[in-house]
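Welcome, and thanks for taking a look at this structure.

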Amino acid sequence: MGWSQRDGRTESGVRTEPEPVFLELDEDGRRRLLRTETLLVLALSLGASGVSALISFIGSLTKPGGLKDQAATLNGSYAPGRPWLDLAWQLFGIASALVPVLLVAHLLTREGAPGLRALGFDRTRPWWDLGRGALVAAGIGSAGLAFYLGARATGFNLTVVPEALPDVWWKFPVLILSALQNALVEEIIVLAYLLRRLGQLGWSPMAALLASSALRGSYHLYQGIGGFIGNMVMGVVFVLAYRRWGRVAPLFVAHALLDIVAFGGYALLAGKVGWLPTP
């Protein structure tokens, strides 16, 4: 029996499963497919966040008063005065934000790759990943804090409020989960996945580095110009480290540690030390 139609119906009239159309694509067709896929993944995740951050930044610029007199809250309450409802919204927000990561894992599997393991996200080298990640976090964390304080003092940044959650039992667990979610989404999509796809699309290493770093900076623009520049520089460092190590896991560790310290440190120190800006 031979195929008479592409919908999977044989000459005998028996319907069977057709071959996937993308297997029949030529090189140009595969590139178009990958380009569309990449744009859709970004539109569902951090590309959309970049547009949102730009709109937020324009609003801050056009608001009376300087940027440093305005605040950008990262983890706020969804239902003030109703802790259980607030917790439900917090967990829902964290879980739904991870859907694009699951989509990337699915797309990599369809490509024939072993899911996120193709990006170096696995448990094959846990202590190596933890050690490298801790070193990167220590270096970037100290430099990043100094840069933020300087950018805010010169009026290029809003006052960043890492957390404004109520003092309830789930506060610190939710902050840790939020940090892990941020690290997973950003490093899987903006670092490892995007670099893989841009390489498959024929982008040069320098162009891919600039694209990934600029995207990372763009969705932090709501914090101000300092947030954009600081995170773009961080993006360059992460791209270089990822290319050297061939694994995204240590960069996930580094990002998670940075956010855990930022969120938890602010919760513990805000209003108690003079050098930490508060609204």
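**A first look**

Let's begin with Val237, which lies in helix H8; helices (H or I, at least four residues) and strands (E, at least two) are DSSP runs, numbered from the N terminus. This is a predicted model, in which local features need pLDDT of at least 70 and side-chain atom pairs count only at pLDDT 80 or more, while totals for chains, interfaces and linings use all residues. Residues are numbered from 1 along each chain as its sequence is written, and side-chain values use heavy atoms, with hydrogens and water left out.

**The surface patch**

- Val237 counts as partly exposed because its relative accessibility is 38% (buried means under 20% relative accessible area, exposed over 50%, partly exposed in between, with a 1.4 Å probe and protein chains only).
- Together with Phe147, Phe156, Ile225, Ile229 and Val233, Val237 forms a nonpolar patch on the surface, with about 490 Å² of accessible area together.
- Patches are made of residues with over 30% relative accessible area and no salt bridge; like charges are joined within 9 Å, and nonpolar side chains (Val, Leu, Ile, Met, Phe, Trp, Tyr) within 5 Å.
- Areas come from the Shrake-Rupley method with a 1.4 Å probe, and for residues only the protein chains shown count as cover.
- Helix H8 (residues 225-245) gives the largest share of the nonpolar patch, four residues.
- An α-helix has 3.6 residues a turn, so residues three or four places apart point the same way.

- Helix H1 (residues 27-43) has 17 residues and should span 24 Å at 1.5 Å a residue, which agrees with its end C-alpha atoms being 24 Å apart; the expected span is 1.5 Å times one less than the number of residues.
- The buried residues of H1 are Gly29, Leu34, Glu37, Thr38, Val41 and Leu42.
- These buried residues pack against helices H2 (46-61), H4 (99-111), H6 (171-200) and H7 (205-218), where contact means heavy atoms within 4.5 Å.

**Asn75 in its loop**

- Asn75 sits in the loop between strand E1 (71-73) and helix H3 (83-97), and counts as buried at 7% relative accessibility.
- The side chain of Asn75 makes a polar contact with the side chain of Ser178 (2.8 Å); such a contact is a pair of N or O atoms within 3.5 Å, where, within protein, one must be able to donate a hydrogen and the other to accept it, and residues adjacent in sequence count only if both atoms are side-chain atoms.
- A polar atom of the Asn75 side chain also lies 2.9 Å from the backbone oxygen of Pro162.

**Salt bridges**

- The structure holds nine salt bridges (a side-chain nitrogen of Lys or Arg within 4 Å of a carboxyl oxygen of Asp or Glu).
- One of them joins Arg197 and Glu37, with the closest N and O atoms 2.7 Å apart. This pair links distant parts of the chain, Arg197 in helix H6 and Glu37 in helix H1, 160 residues apart.
- Arg197 is buried, at 1% relative accessible area, and Glu37 counts as buried at 15%.
- Glu37, Glu111, Arg196 and Arg197 are linked in a network of salt bridges.
- Arg247 forms a salt bridge with Asp122 (2.8 Å, N to O) and another with Asp129, at 2.8 Å between the closest N and O atoms.
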